[in-house]
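Hi,

Here is the structure I promised to send over. Have a look at it first, and then read my notes below.

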Amino acid sequence: LPSLLPRRDRHALMARALGWRVREIVIGFGPELWRTRIGETDLVLKLAPLEGYVLPAPTSRRRARLKTALIYAAGPGAEFLLLGALILGFGRDAVFNHSSEISLIALKTLAWVIIISGGFNLIPFTANGSASDGLGIVTSPFQSDADIETRLVSFELRKIECLQANEETEEALALCRELIQRFPANPRLLVREIEILVADTQLEAARDKIDNVMLTDGIKDAWRARLWRLRAQIELDAPDSDTMEIDRALNKSEQLAPNSHELCVTRGAALIQRGLYEAGGDLLARAFRQSLNQDTDSDPIILAYLAIAAHQIGAPDAARRFRGVLESIHPPRRLIERVRRVMD
């Protein structure tokens, strides 16, 4: 496109100019090839380096809707600014009137490419789940307060994920609770706190939190389903695992969110834990293939329980492969210890 910077970079620069943070810049589409972090921003390169997108995060609610519209407008806006500069520099006649000079033909071609490209992206539409700049501009004034809050906490949630990945559990929990004080009804934060407690095997505290969050008004069914799945996970990890409670929690989760990937994973793990290795392994293998097709990170729970199932049915090579992949992605300690108890 005829501009000094790709459109995604223009959005990122506008976000920074407005005082927002940029959570992620993605170049291209398809499988991820490379990822690094520059300051607070993740830079991702994908297989086909065409186009891309940015994920900006607001720092406050103040004029969030207007700033969102301006960030979207930065894409076509830069192109039309370039068109204006060409008209000012060469004159309207040179840019638009007929001419046989090669230099002016090139200038006219550039101008029309700008008009077509910028104009097309101002049309409101979606492609591959992403909104065009035009659609973003049109819908920005109608963002709900909940949408703005979700974007406000998204950047901090990424920090929590990084702390968890580095096994800095206390710091992750402290940051999560600090955010809950600011956004006490945000379901993402409430559920994340419980997930941290489960990962740190603080099972009784996690149970109490689930009971409290279940009583919170306005919790949508999707989040309730996730809470019931976490309840089942707690029972799976508990020394005195209760099979009936696991089944109850999984059934409740399925009623609220049937056919979810996470439910399939937890149900498969539950089957393996009670000795139904082939049935549980089939469920987890299906979930594993689904995660590969969706180009997502391998779930450590899938890998851990697949390693256990393969070991128990007499497939040591497969068990070692699953365990090797599991250990390479730095899973929670409880999963490594569970696999070691079975295989070592």
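This is a predicted model: local features need pLDDT of at least 70, side-chain atom pairs count only at pLDDT 80 or more; totals for chains, interfaces and linings use all residues.

Threonine 109 counts as partly exposed because its relative accessibility is 46%, and partly exposed covers what lies between under 20% (buried) and over 50% (exposed). You'll find threonine 109 in helix H4, which covers residues 102-121.

Now for the charged pairs. Side chains of opposite charge can pair when their charged atoms come close. There are 28 salt bridges in the structure.

One of them joins arginine 158 and aspartate 42, with 2.4 Å between the closest N and O atoms. Arginine 158 sits in helix H6 (residues 145-165) and aspartate 42 in strand E2 (residues 41-57), so this pair ties together parts 116 residues apart in sequence. Both arginine 158 and aspartate 42 are buried.

Another salt bridge is between lysine 209 and glutamate 193, at 3.4 Å from N to O. Here helix H9 (residues 203-214) holds lysine 209 and helix H8 (residues 187-199) holds glutamate 193, so the pair ties together parts 16 residues apart in sequence. Lysine 209 is partly exposed at 29% relative accessible area, while glutamate 193 is buried at 4%.

One last thing to look for: salt bridges with shared partners join Glu24, Arg35, Arg37, Asp42, Arg158, Glu161, Arg192, Glu195 and Arg226 into one network.

Cheers

Methods
Residues are numbered from 1 along each chain as its sequence is written. Side-chain values use heavy atoms; hydrogens and water are left out. Helices (H or I, at least four residues) and strands (E, at least two) are DSSP runs, numbered from the N terminus. Buried means under 20% relative accessible area, exposed over 50%, partly exposed in between (1.4 Å probe, protein chains only). A salt bridge is a side-chain nitrogen of Lys or Arg within 4 Å of a carboxyl oxygen of Asp or Glu.
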